[in-house]
Amino acid sequence: MTIVPVNRRAFIKSSAAVTAGLVLSPAIIGRAEAATLKLKCSSSLPNDPKFANGRVYYDNLVKNLKGNGLGEQVEVAFFPDNQLGQEIDVINSVKLGVIDLMVSGSSISANLVPLVGTYDLGFLFSSFPQQTKAFDAGAAKPIEDALLKGGNIRIIAWAYNFGSRSVLAKKPVKTPEDLAGLKIRTLPNPVITECLRLMGAAATPLAFGEIYTALQAGVLDGLEHDPPTILASKFFETAKFYALTQHNFSPLAIYFSDMTYNRMDPKLREGFLDAAKKAAADTRAHGLAVEKEALAALTEKGVTVAECDREAFKKRVAPQTENFIKARPESKAVIDIIRATQA
(Lines give C-alpha, C1' and ligand atoms only; values in the text may rest on other atoms or scores of the structure.)
Protein backbone atom coordinates (compact mmCIF):
# COMPACT_ATOMS: atom_id res chain seq x y z
CA MET A 1 0.00 0.00 0.00
CA THR A 2 1.41 3.38 -1.00
CA ILE A 3 0.00 6.58 0.49
CA VAL A 4 2.18 9.42 -0.68
CA PRO A 5 2.81 12.93 0.65
CA VAL A 6 3.61 15.02 -2.40
CA ASN A 7 4.72 18.46 -3.54
CA ARG A 8 2.03 19.41 -6.04
CA ARG A 9 4.24 21.57 -8.28
CA ALA A 10 6.92 18.90 -8.50
CA PHE A 11 4.26 16.28 -9.24
CA ILE A 12 2.73 18.24 -12.09
CA LYS A 13 6.15 18.96 -13.59
CA SER A 14 7.28 15.36 -13.41
CA SER A 15 3.90 14.02 -14.62
CA ALA A 16 4.00 16.29 -17.65
CA ALA A 17 7.45 15.02 -18.50
CA VAL A 18 6.33 11.40 -18.13
CA THR A 19 3.25 12.00 -20.28
CA ALA A 20 5.39 13.62 -22.99
CA GLY A 21 7.78 10.71 -22.87
CA LEU A 22 4.97 8.20 -23.36
CA VAL A 23 3.67 10.09 -26.35
CA LEU A 24 7.10 10.32 -27.97
CA SER A 25 8.26 6.81 -27.15
CA PRO A 26 5.47 4.24 -27.45
CA ALA A 27 7.96 1.39 -27.07
CA ILE A 28 8.46 2.46 -23.47
CA ILE A 29 4.84 1.55 -22.71
CA GLY A 30 5.36 -2.12 -23.42
CA ARG A 31 8.50 -2.27 -21.28
CA ALA A 32 6.78 -0.41 -18.41
CA GLU A 33 3.83 -2.77 -18.42
CA ALA A 34 6.12 -5.79 -18.48
CA ALA A 35 7.31 -4.59 -15.07
CA THR A 36 5.09 -3.15 -12.33
CA LEU A 37 2.37 -0.84 -13.60
CA LYS A 38 2.27 2.26 -11.40
CA LEU A 39 -0.96 4.21 -11.10
CA LYS A 40 -1.93 7.37 -9.21
CA CYS A 41 -5.26 7.59 -7.35
CA SER A 42 -6.55 10.93 -6.03
CA SER A 43 -9.13 11.89 -3.42
CA SER A 44 -10.03 15.28 -1.94
CA LEU A 45 -10.97 13.75 1.41
CA PRO A 46 -8.68 13.17 4.40
CA ASN A 47 -6.70 9.97 4.84
CA ASP A 48 -9.31 8.39 7.12
CA PRO A 49 -9.67 4.60 6.70
CA LYS A 50 -13.21 4.57 8.09
CA PHE A 51 -15.06 7.77 7.27
CA ALA A 52 -13.37 8.97 4.05
CA ASN A 53 -14.65 7.26 0.91
CA GLY A 54 -11.42 7.71 -1.06
CA ARG A 55 -9.26 5.91 1.48
CA VAL A 56 -11.88 3.19 2.00
CA TYR A 57 -12.04 2.58 -1.75
CA TYR A 58 -8.26 2.53 -2.04
CA ASP A 59 -7.89 -0.04 0.73
CA ASN A 60 -10.53 -2.21 -0.94
CA LEU A 61 -8.78 -1.85 -4.29
CA VAL A 62 -5.44 -2.98 -2.88
CA LYS A 63 -7.15 -5.95 -1.20
CA ASN A 64 -8.89 -7.02 -4.39
CA LEU A 65 -5.80 -6.57 -6.55
CA LYS A 66 -3.99 -8.97 -4.26
CA GLY A 67 -6.98 -11.32 -4.38
CA ASN A 68 -6.76 -11.31 -8.19
CA GLY A 69 -3.03 -12.09 -8.04
CA LEU A 70 -2.05 -8.61 -9.25
CA GLY A 71 -0.44 -7.31 -6.08
CA GLU A 72 3.02 -7.40 -7.65
CA GLN A 73 1.94 -6.30 -11.13
CA VAL A 74 -0.06 -3.17 -10.28
CA GLU A 75 1.05 -0.59 -7.72
CA VAL A 76 -1.44 2.12 -6.88
CA ALA A 77 -0.17 5.21 -5.06
CA PHE A 78 -2.87 7.01 -3.09
CA PHE A 79 -2.93 10.81 -2.77
CA PRO A 80 -5.63 11.96 -0.29
CA ASP A 81 -6.51 15.37 1.08
CA ASN A 82 -6.17 17.39 -2.16
CA GLN A 83 -2.47 16.56 -2.42
CA LEU A 84 -2.66 16.68 -6.22
CA GLY A 85 -4.77 19.85 -6.31
CA GLN A 86 -8.40 20.86 -6.01
CA GLU A 87 -10.92 18.50 -7.57
CA ILE A 88 -11.56 20.64 -10.66
CA ASP A 89 -7.83 20.47 -11.45
CA VAL A 90 -7.65 16.73 -10.75
CA ILE A 91 -10.60 15.82 -12.98
CA ASN A 92 -8.90 17.68 -15.83
CA SER A 93 -5.67 15.79 -15.10
CA VAL A 94 -7.61 12.51 -15.34
CA LYS A 95 -8.94 13.69 -18.68
CA LEU A 96 -5.38 14.32 -19.87
CA GLY A 97 -4.00 11.07 -18.46
CA VAL A 98 -1.69 12.78 -15.97
CA ILE A 99 -3.64 11.20 -13.07
CA ASP A 100 -4.98 7.68 -13.60
CA LEU A 101 -7.76 7.31 -11.01
CA MET A 102 -9.96 9.64 -9.01
CA VAL A 103 -12.51 8.79 -6.33
CA SER A 104 -15.11 11.55 -6.09
CA GLY A 105 -18.78 12.33 -6.45
CA SER A 106 -20.34 12.52 -9.88
CA SER A 107 -20.81 16.27 -9.41
CA ILE A 108 -17.28 17.38 -10.22
CA SER A 109 -17.34 15.83 -13.70
CA ALA A 110 -20.45 17.86 -14.61
CA ASN A 111 -18.00 20.72 -15.14
CA LEU A 112 -16.60 18.75 -18.09
CA VAL A 113 -19.82 17.13 -19.33
CA PRO A 114 -22.95 19.01 -18.18
CA LEU A 115 -25.23 15.98 -18.68
CA VAL A 116 -23.61 14.38 -15.61
CA GLY A 117 -25.34 17.12 -13.63
CA THR A 118 -28.55 15.13 -14.02
CA TYR A 119 -27.55 13.18 -10.90
CA ASP A 120 -27.25 16.42 -8.90
CA LEU A 121 -30.88 17.43 -9.29
CA GLY A 122 -32.45 18.00 -5.90
CA PHE A 123 -34.51 15.15 -4.42
CA LEU A 124 -34.09 13.04 -7.59
CA PHE A 125 -33.09 9.84 -5.76
CA SER A 126 -34.91 8.50 -2.71
CA SER A 127 -32.09 6.28 -1.39
CA PHE A 128 -28.81 4.71 -2.43
CA PRO A 129 -30.33 1.24 -3.01
CA GLN A 130 -32.90 2.88 -5.30
CA GLN A 131 -30.02 4.59 -7.12
CA THR A 132 -28.27 1.27 -7.75
CA LYS A 133 -31.47 -0.27 -9.12
CA ALA A 134 -31.96 2.72 -11.42
CA PHE A 135 -28.38 2.48 -12.68
CA ASP A 136 -28.80 -1.24 -13.31
CA ALA A 137 -32.03 -0.45 -15.19
CA GLY A 138 -30.18 1.82 -17.63
CA ALA A 139 -29.85 5.22 -15.95
CA ALA A 140 -26.04 5.02 -15.84
CA LYS A 141 -25.05 4.16 -19.40
CA PRO A 142 -26.00 7.44 -21.15
CA ILE A 143 -24.02 9.38 -18.55
CA GLU A 144 -21.03 7.05 -18.82
CA ASP A 145 -21.07 7.27 -22.61
CA ALA A 146 -21.27 11.08 -22.53
CA LEU A 147 -18.37 11.33 -20.09
CA LEU A 148 -16.18 9.07 -22.20
CA LYS A 149 -17.01 10.94 -25.38
CA GLY A 150 -16.81 14.44 -23.96
CA GLY A 151 -14.26 14.04 -21.19
CA ASN A 152 -12.01 11.12 -22.16
CA ILE A 153 -12.88 9.57 -18.79
CA ARG A 154 -14.30 6.13 -18.03
CA ILE A 155 -16.43 5.18 -15.04
CA ILE A 156 -15.01 1.92 -13.68
CA ALA A 157 -17.94 1.54 -11.28
CA TRP A 158 -20.38 3.49 -9.13
CA ALA A 159 -20.26 3.45 -5.35
CA TYR A 160 -22.04 5.57 -2.71
CA ASN A 161 -21.00 8.70 -0.97
CA PHE A 162 -21.18 7.84 2.72
CA GLY A 163 -24.66 9.20 3.30
CA SER A 164 -27.04 11.64 1.70
CA ARG A 165 -26.12 15.32 1.55
CA SER A 166 -27.75 17.51 4.20
CA VAL A 167 -27.13 21.01 5.57
CA LEU A 168 -24.68 21.77 8.39
CA ALA A 169 -25.05 25.35 9.62
CA LYS A 170 -24.13 27.67 12.47
CA LYS A 171 -27.81 28.04 13.41
CA PRO A 172 -30.79 25.64 13.43
CA VAL A 173 -32.48 25.07 10.07
CA LYS A 174 -35.96 23.55 9.94
CA THR A 175 -37.66 25.39 7.08
CA PRO A 176 -36.62 27.19 3.87
CA GLU A 177 -37.15 30.45 5.73
CA ASP A 178 -34.42 29.44 8.21
CA LEU A 179 -31.95 29.12 5.32
CA ALA A 180 -32.67 32.60 4.00
CA GLY A 181 -29.47 34.66 3.81
CA LEU A 182 -27.20 31.87 5.05
CA LYS A 183 -24.04 31.45 2.97
CA ILE A 184 -24.02 27.69 2.42
CA ARG A 185 -21.08 26.16 0.57
CA THR A 186 -21.89 24.06 -2.45
CA LEU A 187 -19.72 22.22 -4.91
CA PRO A 188 -18.55 24.38 -7.83
CA ASN A 189 -21.39 22.89 -9.83
CA PRO A 190 -24.31 24.92 -11.19
CA VAL A 191 -26.96 22.25 -10.57
CA ILE A 192 -26.16 21.78 -6.88
CA THR A 193 -25.76 25.53 -6.46
CA GLU A 194 -29.21 26.07 -7.97
CA CYS A 195 -30.70 23.37 -5.73
CA LEU A 196 -29.45 25.12 -2.57
CA ARG A 197 -30.60 28.48 -3.90
CA LEU A 198 -34.10 27.11 -4.45
CA MET A 199 -34.01 25.64 -0.95
CA GLY A 200 -33.57 29.20 0.31
CA ALA A 201 -29.83 29.53 0.91
CA ALA A 202 -27.31 32.05 -0.37
CA ALA A 203 -25.58 29.22 -2.23
CA THR A 204 -21.82 29.75 -2.34
CA PRO A 205 -19.67 27.57 -4.65
CA LEU A 206 -16.25 26.87 -3.14
CA ALA A 207 -13.47 24.30 -3.56
CA PHE A 208 -13.52 21.55 -0.95
CA GLY A 209 -10.06 22.38 0.36
CA GLU A 210 -11.14 25.92 1.27
CA ILE A 211 -14.23 25.05 3.34
CA TYR A 212 -12.74 24.78 6.82
CA THR A 213 -10.93 28.13 6.81
CA ALA A 214 -13.97 29.83 5.22
CA LEU A 215 -16.15 28.53 8.07
CA GLN A 216 -13.60 29.73 10.61
CA ALA A 217 -13.40 33.17 9.04
CA GLY A 218 -17.16 33.58 8.80
CA VAL A 219 -17.10 33.65 5.01
CA LEU A 220 -19.48 30.69 5.18
CA ASP A 221 -22.42 30.02 7.48
CA GLY A 222 -22.41 26.32 6.67
CA LEU A 223 -22.18 23.68 3.96
CA GLU A 224 -24.07 20.70 2.55
CA HIS A 225 -22.42 17.29 2.75
CA ASP A 226 -22.74 13.75 4.09
CA PRO A 227 -22.15 12.93 7.79
CA PRO A 228 -18.88 10.92 7.47
CA THR A 229 -17.24 13.66 5.38
CA ILE A 230 -18.29 16.30 7.92
CA LEU A 231 -16.80 14.13 10.65
CA ALA A 232 -13.57 13.22 8.84
CA SER A 233 -12.94 16.83 7.77
CA LYS A 234 -13.81 18.24 11.22
CA PHE A 235 -16.31 20.76 9.86
CA PHE A 236 -18.32 20.17 13.04
CA GLU A 237 -15.75 22.25 14.91
CA THR A 238 -17.16 25.46 13.43
CA ALA A 239 -20.84 24.63 12.75
CA LYS A 240 -23.05 22.75 15.19
CA PHE A 241 -26.49 22.27 13.60
CA TYR A 242 -27.13 19.48 11.08
CA ALA A 243 -30.53 19.56 9.35
CA LEU A 244 -31.43 16.27 7.65
CA THR A 245 -32.62 17.77 4.38
CA GLN A 246 -31.29 14.71 2.48
CA HIS A 247 -31.64 16.70 -0.71
CA ASN A 248 -29.07 14.70 -2.68
CA PHE A 249 -27.99 11.06 -2.74
CA SER A 250 -24.80 11.76 -4.63
CA PRO A 251 -23.30 8.81 -6.51
CA LEU A 252 -19.62 8.17 -5.90
CA ALA A 253 -17.73 7.67 -9.14
CA ILE A 254 -14.52 5.72 -9.70
CA TYR A 255 -13.04 7.79 -12.53
CA PHE A 256 -10.43 6.19 -14.80
CA SER A 257 -8.42 7.96 -17.48
CA ASP A 258 -9.14 6.61 -20.94
CA MET A 259 -5.49 7.19 -21.81
CA THR A 260 -4.44 4.87 -19.00
CA TYR A 261 -7.08 2.35 -20.06
CA ASN A 262 -5.77 2.25 -23.61
CA ARG A 263 -2.11 1.85 -22.68
CA MET A 264 -2.71 -1.10 -20.35
CA ASP A 265 -2.04 -4.63 -21.51
CA PRO A 266 -5.51 -6.14 -22.19
CA LYS A 267 -5.00 -9.14 -19.90
CA LEU A 268 -3.72 -6.98 -17.06
CA ARG A 269 -6.50 -4.49 -17.67
CA GLU A 270 -9.16 -7.17 -17.35
CA GLY A 271 -7.89 -8.29 -13.94
CA PHE A 272 -7.45 -4.71 -12.76
CA LEU A 273 -10.99 -3.65 -13.76
CA ASP A 274 -12.44 -6.73 -12.06
CA ALA A 275 -10.64 -5.82 -8.82
CA ALA A 276 -11.69 -2.18 -9.15
CA LYS A 277 -15.36 -3.12 -9.57
CA LYS A 278 -15.23 -5.47 -6.57
CA ALA A 279 -13.69 -2.63 -4.54
CA ALA A 280 -16.62 -0.37 -5.46
CA ALA A 281 -19.12 -2.98 -4.26
CA ASP A 282 -17.21 -3.32 -0.98
CA THR A 283 -17.18 0.46 -0.60
CA ARG A 284 -20.95 0.67 -1.15
CA ALA A 285 -21.56 -1.77 1.70
CA HIS A 286 -19.21 0.16 3.97
CA GLY A 287 -20.87 3.47 3.13
CA LEU A 288 -24.35 2.26 4.07
CA ALA A 289 -23.09 0.99 7.43
CA VAL A 290 -20.99 3.99 8.39
CA GLU A 291 -23.53 6.82 7.91
CA LYS A 292 -25.43 6.06 11.13
CA GLU A 293 -22.19 5.70 13.04
CA ALA A 294 -21.01 9.09 11.81
CA LEU A 295 -24.29 10.74 12.85
CA ALA A 296 -23.91 9.29 16.33
CA ALA A 297 -20.30 10.50 16.50
CA LEU A 298 -21.34 14.01 15.44
CA THR A 299 -23.94 14.06 18.20
CA GLU A 300 -21.27 13.07 20.72
CA LYS A 301 -19.15 15.98 19.50
CA GLY A 302 -21.90 18.48 20.25
CA VAL A 303 -23.68 18.68 16.91
CA THR A 304 -27.48 18.93 17.04
CA VAL A 305 -28.80 16.49 14.43
CA ALA A 306 -32.44 17.26 13.68
CA GLU A 307 -35.25 16.47 11.27
CA CYS A 308 -36.61 19.35 9.20
CA ASP A 309 -39.57 20.14 6.98
CA ARG A 310 -38.16 18.10 4.11
CA GLU A 311 -41.38 18.31 2.09
CA ALA A 312 -41.23 22.11 2.13
CA PHE A 313 -37.70 22.02 0.73
CA LYS A 314 -38.67 19.39 -1.82
CA LYS A 315 -41.61 21.47 -3.03
CA ARG A 316 -39.41 24.52 -3.56
CA VAL A 317 -36.84 22.54 -5.54
CA ALA A 318 -39.41 20.72 -7.75
CA PRO A 319 -39.19 23.14 -10.74
CA GLN A 320 -35.46 22.43 -11.08
CA THR A 321 -35.88 19.04 -12.74
CA GLU A 322 -38.36 20.21 -15.38
CA ASN A 323 -36.19 23.23 -16.20
CA PHE A 324 -33.16 20.95 -16.53
CA ILE A 325 -35.03 18.69 -18.96
CA LYS A 326 -36.00 21.72 -21.07
CA ALA A 327 -32.37 22.83 -21.19
CA ARG A 328 -31.00 19.30 -21.77
CA PRO A 329 -33.67 17.11 -23.39
CA GLU A 330 -31.23 14.17 -23.50
CA SER A 331 -31.53 13.95 -19.70
CA LYS A 332 -35.22 13.02 -19.83
CA ALA A 333 -34.67 9.33 -20.56
CA VAL A 334 -32.29 9.07 -17.57
CA ILE A 335 -34.65 10.92 -15.25
CA ASP A 336 -37.62 8.81 -16.35
CA ILE A 337 -35.75 5.60 -15.49
CA ILE A 338 -34.83 6.97 -12.07
CA ARG A 339 -38.36 8.11 -11.32
CA ALA A 340 -39.79 4.75 -12.40
CA THR A 341 -37.43 2.78 -10.17
CA GLN A 342 -38.60 1.80 -6.72
CA ALA A 343 -36.19 1.07 -3.88
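Trainee: What should I know before reading it?

Mentor: The model is predicted: local features need pLDDT of at least 70, side-chain atom pairs count only at pLDDT 80 or more, and totals for chains, interfaces and linings use all residues. Residues are numbered from 1 along each chain as its sequence is written, and side-chain values use heavy atoms, without hydrogens or water.

Trainee: How is a pair of packed helices described?

Mentor: Two packed helices are described by the angle between their axes and the distance between the axes. Axes are lines fitted to C-alpha atoms, for helices over the stretch in contact, and angles run from 0 to 180 degrees between N-to-C directions. Helices (H or I, at least four residues) and strands (E, at least two) are DSSP runs, numbered from the N terminus.

Trainee: At what angle do H3 and H12 pack?

Mentor: Helix H3 (residues 53-67) packs on helix H12 (residues 266-300) at about 135°, with the axes 8 Å apart. That makes H3 oblique to H12. Angles under 35 degrees count as roughly parallel, over 145 as roughly antiparallel, 65 to 115 as roughly perpendicular and the rest as oblique.

Trainee: Which residues of H3 and H12 meet?

Mentor: Contact means heavy atoms within 4.5 Å. From H3 the list includes Asn53, Val56 and Tyr57; from H12 it includes Phe272, Ala275 and His286. This contact divides into nine nonpolar, five polar and three charged residues. Ala, Val, Leu, Ile, Met, Phe, Trp, Tyr, Cys and Pro count as nonpolar, Asp, Glu, Lys and Arg as charged, and the others, Gly among them, as polar.

Trainee: What about H8 and H13?

Mentor: Helix H8 (residues 190-199) and helix H13 (residues 310-317) pack at about 120°, axes 8 Å apart. H8 and H13 are therefore oblique to each other. Cys195, Leu198 and Met199 in H8 meet Phe313, Arg316 and Val317 in H13. By class, that contact has five nonpolar, no polar and one charged residues.

Trainee: How many cavities are there?

Mentor: On a 1 Å grid over the protein atoms alone, a cavity is a set of points where a 1.4 Å probe fits but cannot get out; lining residues have an atom within 4 Å of a point. There are two cavities of 30 Å³ or more. Of its 17 lining residues, Glu87, Ser104, Gly105, Asn161 and His225 are the closest to its centre. Strand S4 (residues 101-105) gives the largest share of that lining, three residues.

Key:
1 Å grid on protein atoms, 1.4 Å probe; cavity = no way out; pocket = protein on both sides within 12 Å on 5 of 7 lines; lining within 4 Å. Points joined across faces, edges and corners; volume = space filled by probe spheres on them.
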